[in-house]
Amino acid sequence: MLALNLPVLPIANLIVKDTIICNGDSVLLKGTGSNIYKWYQGSSLFKTTQVDSIGIFTPGTYSLVVNDGKCNSLPTPGFKIIAFNIPT
């Protein structure tokens, strides 16, 4: 009998409390699931960090992949961030 020891994939979670960039402010994205965070805008990797949070100033669809030093997680569903300007 053949025994396989497959690594367990980390599970990425992306927490987004606000999806609207108002008057040029930022939106905070927070990730959980491992210690290396790969932040994507659309299908493009735009930042790799060991910090679990990132401020977003640009509208777009954002997702997260985490890495535990061995394996990448599956990507999170994308969160659409939009910009909105309130006249002052």
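**View 1. Leu14 and its contacts.** Apart from neighbours within four places in sequence, Leu14 is in contact (heavy atoms within 4.5 Å) with Leu29, Lys30, Trp39, Tyr62, Ser63, Leu64, Thr76 and Phe79. You are looking at a predicted model, in which local features need pLDDT of at least 70 and side-chain atom pairs count only at pLDDT 80 or more, while totals for chains, interfaces and linings use all residues. Residues are numbered from 1 along each chain as its sequence is written, and side-chain values use heavy atoms, with hydrogens and water left out.

**View 2. The largest nonpolar core.** A nonpolar core is a set of buried Ala, Val, Leu, Ile, Met, Phe, Trp, Tyr and Cys residues joined through side-chain atoms within 4.5 Å; buried means under 20% relative accessible area, exposed over 50%, and partly exposed in between (1.4 Å probe, protein chains only). The largest core here has 14 residues, and Leu14, Leu29, Trp39, Ile56, Leu64 and Ile81 touch the most other members. At least two residues of this core come from each of β1 (13-16), β3, β4 (36-41), β6 and β7 (60-67). Strand β7 gives the most, with three residues. Strands (E, at least two residues) are DSSP runs, numbered from the N terminus.

**View 3. An open sheet of three strands.** Follow the order β1-β3-β6 and you have an open sheet with antiparallel pairing. Two strands pair if DSSP finds at least two bridges between them. At the edges are β1 and β6, each pairing on one side only. From one strand to the next, the twist averages 25 degrees (axes are lines fitted to C-alpha atoms, and angles run from 0 to 180 degrees between N-to-C directions). Antiparallel β3 and β6 are joined by four bridges, and Leu28 has Gly55 in β6 as its bridge partner.

**View 4. The salt bridge of Asp52 and Lys30.** A salt bridge is a side-chain nitrogen of Lys or Arg within 4 Å of a carboxyl oxygen of Asp or Glu, and the count by this rule is one. Here the side chains of Asp52 and Lys30 meet, 2.5 Å from N to O. Asp52 sits in the loop between β5 (44-49) and β6 (53-56), and Lys30 in strand β3 (residues 27-32), so the pair, 22 residues apart, links distant parts of the chain. Asp52 is partly exposed at 26% relative accessibility, and Lys30 is partly exposed at 31%.

**View 5. Thr49 in strand β5.** Thr49 belongs to strand β5 and counts as buried at 14% relative accessibility. Its side chain reaches the backbone oxygen of Val51 at 2.8 Å. Beyond its neighbours within four places in sequence, Thr49 is in contact with Asn35, Ile36, Tyr37 and Trp39.

Methods: Polar contact = N/O pair within 3.5 Å; in protein donor to acceptor, adjacent residues only side chain to side chain.
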